[in-house]
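Here is a walk through one protein model, taken region by region. Keep the structure in view and follow along.

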Amino acid sequence: MALNITQKLIQSHLLSGEMIPGSEIGLKIDQTLTQDATGTMVMLELEAMGLERAKTEASAQYVDHNLIQVDSKNPDDHLFLQSATRKFGLYYSRPGNGVSHPVHMQRLAKPGKTLLGSDSHTCANGCMGMLAMGAGGLDVALAIAGEPFYVKMPQVWGIKLTGKLPDWVSAKDVILELLRRYDVKGGVGKVIEYYGPGVETLSAMDRHVIANMGAELGATGTVFPSDQEIKRFLKEQGRENDWIELVADAGAKYDLTEEINLSELEPLIAKPSSPGNVVSVKEVAGTPIYQSYIGSSANPGFRDFAIAAEIVKGRPIAEGISFDINPTSRQMLTDLVKESHIASLLQSGARLHQAGCNGCIGMGQAPATGRNSLRTTPRNFPGRSGTREDSVFLCSPETAAVSALTGKITDPRTMNFPYPKVKEPMNPTVDVNLLEAPLPYEDAKNVQLIKGPNIASIPSMDELHDYMEIPILLKMGDNISTDEILAGGARVLPFRSNLPEISKFAFEIIDRTYYTRGKETVDHGGHAIVGGSNYGQGSSREHAALAPRYLGLRVALVKDFARIHWQNLVNFGVLPLTFVNPLDYDTLNQGDILELKNVRTTIKQGNEFAISVKGQNQIIKVKHTLSERQVDVMLAGGMINWVKSRQKIAE
């Protein structure tokens, strides 16, 4: 049977289940990726499991999020992460080396392999012919320990690319076009696979740009072929021997199909406050801006910075504009310096920041109150920038650079100079020191974990209650992101390894009283939340499930969930339910008391059951989509308890 690339990758790594869309499958994971905002918890989970040595082919821990060192919390955790990688046999990338996704692409990514990362944008490495997926930290910890990764078999959505990108249009506009057509739920339950003659016109880093923001569509992953362009890229990185050809068979079929003619695309922009709120740049041209920001994993390539440098070369940016340049890897920054692009940017008035995620995750570069920020980052969820009432637009480097010159959102095609041509470096830098290699096992056994005072162990959690009488503490609308459930940024992320402290920020963007009210329910059976569609979109941070669970969250009842957050809720023993009849959402209010009876037996016997609203003679039909394995996890009170019980049985 003719197979597409996604089917080949899944078939070659399938450990359990069948390749039937919607059914649970178990996959062998070859590589893992963790970053410091999520990896500290992963390392604590590995310690709790008693792991001696990573069982993957390659696992890497990057320090790219929490780079600001306003006190000892972040540097203490950096030392902890370095000691943990030495102890458990992982690669380590120190602060300043760059964002995990492009660095992993440069140093470790291999066509034909699977990659699981505790960062939702791990899917970026699908540009290399990998099955690369984001997941919660606990799932990644289990993969490092050699356990399968369980996920629902996705549909494969084939996107045929034809034509070639015109001047002033680049890879960012391709993924914004897909978001314009399908919004932030368009990829849920799907792997997006790109094929067709247009693929050959895109560089490896162009493909990275497109694959990265598959996360904004809610996709399980994004896959590109491993072709001659990927071979060229790996050869440039001194890793040609890691290349294999991986393309779809002739006659391969897709569950869904779409076509994008690259030649017909125009500059696009996502308006506040959703990556799916996409219009043409010309529709919002003239809107004044305060900030123009270039960088992040959504535009991490040499070309993305070089084109901006060529646009502003010899031209001053507009008065009052903060033109922020965030390099994405030390290796790339070296080449930008060699080619004099950094000089061009600085001479125009740009501000140069260290290689890392920085403003993308709200770690610096927050915009001023009431001003517009134009960014090449992947997300513009409310408050993500670090400014509570922010106004963030997402665009290509071309649009960001010309807008920095004019001081307002500008269609780059309207500039009175020709489109600059960027040349790749003749001898690109290859920095083999971006990753500290794992220690030999005999040396690793003697390593002691370095724990600063901010690190707190994960509290024990009880089993699923058979009877629950719990209040609805929050009722929310559609597309609630994990940034709104538990914010990132410089105020919050330093507490990533301290659950009691980080829980104080839970839902603060939505309701500042949640923390206090949640704490009051902990000893009284807990509470529920109600939400609309696509609940939990965005970041893979498991703290968005773990912190509410710590504050008493036992049931999340919504119209439908984003994939990773749904899995994280299961992992930490929060029962994820959806309405059988979505109209029942309108009948529930904050403060209503939900009554759930015989829960433990009920979720084992079937997927649908009824709950009642106390004092209102009202019945709500709900359902779950847990597999048999996940039901056992839920009954145990979460994955940690489930793993411990399995270990006891094995003993």
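How many bridges join S6 to strand S7, and in which sense do the two run? Four bridges join S6 to S7 (residues 131–134), and the strands run parallel. Bear in mind that this is a predicted model. Within this pairing, Gly117 stands opposite Gly134 in S7.

Strand S6 (residues 114–117) has another partner. Strand S3 (residues 31–35) pairs with S6 over three bridges, again in the parallel sense. Here Gln31 has Leu115 in S6 as its bridge partner. Now look at the two faces of S6. Both are covered. Thr114 and Leu116 are buried on one side, Leu115 and Gly117 on the other.

Next comes an open sheet. Three strands build it, in the order S1-S2-S8, with antiparallel pairing. Its edges are strand S1 (14–16) and strand S8 (149–152), each of which pairs on one side only. From one strand to the next the twist averages 45°. Two bridges hold the antiparallel pair of S1 and strand S2 (residues 24–27). Leu14 stands opposite Leu27 in S2.

Move on to helix H12 (residues 341–348). Which of its residues are buried? They are His341, Ile342, Ser344, Leu345 and Ser348. Seen down the axis of H12, these buried residues fall within an arc of 160°, so they line one face of the helix. An α-helix has 3.6 residues a turn, so residues three or four places apart point the same way. What lies over the buried residues of H12? The cover includes two helices, H10 (302–312) and H11 (330–338). It also includes two strands, S16 (322–326) and S17 (351–352). After H12 comes Gly349, with a positive phi near 115°.

Seven strands close into it, in the order S20-S21-S22-S23-S26-S25-S24. The pairing is mixed. Direction ignored, neighbouring strands of this sheet are turned by 40° against each other on average. Take one pairing as an example. Strand S20 (residues 468–475) and strand S24 (residues 593–596) run antiparallel and are joined by four bridges. In that pairing, Pro471 stands opposite Ile593 in S24.

Ser503 lies between helix H16 (499–502) and helix H17 (514–521). Is Ser503 buried or exposed? Its relative accessibility is 0%, so Ser503 counts as buried. What does Ser503 touch, leaving aside residues up to four places away in sequence? The contacts are Tyr515, Ala547, Tyr550 and Leu551.

The last stop is a pair of helices. Two packed helices are described by the angle between their axes and the distance between the axes. Helix H19 (residues 563–571) and helix H21 (residues 628–636) pack at an angle of about 50°, and their axes are 8 Å apart. That angle makes H19 oblique to H21. Which residues meet there? H19 brings Trp566, Gln567 and Val570. H21 brings Gln630, Val633 and Met634. By class, the contact of H19 with H21 has four nonpolar and two polar residues, and no charged ones.

Notes
Residues numbered from 1 in each chain as written. Predicted model: local features only at pLDDT ≥ 70, side-chain atom pairs only at ≥ 80, totals over all residues. Heavy atoms only, no water. Axes fitted to C-alpha atoms, helices over the stretch in contact; angles between N-to-C directions. Parallel < 35°, antiparallel > 145°, perpendicular 65-115°, else oblique. Contact = heavy atoms within 4.5 Å. Nonpolar A, V, L, I, M, F, W, Y, C, P; charged D, E, K, R; others polar. Pairing = 2+ DSSP bridges. Buried < 20%, exposed > 50% of the residue type's maximum accessible area, 1.4 Å probe, protein only. Arc of directions from axis to C-beta.
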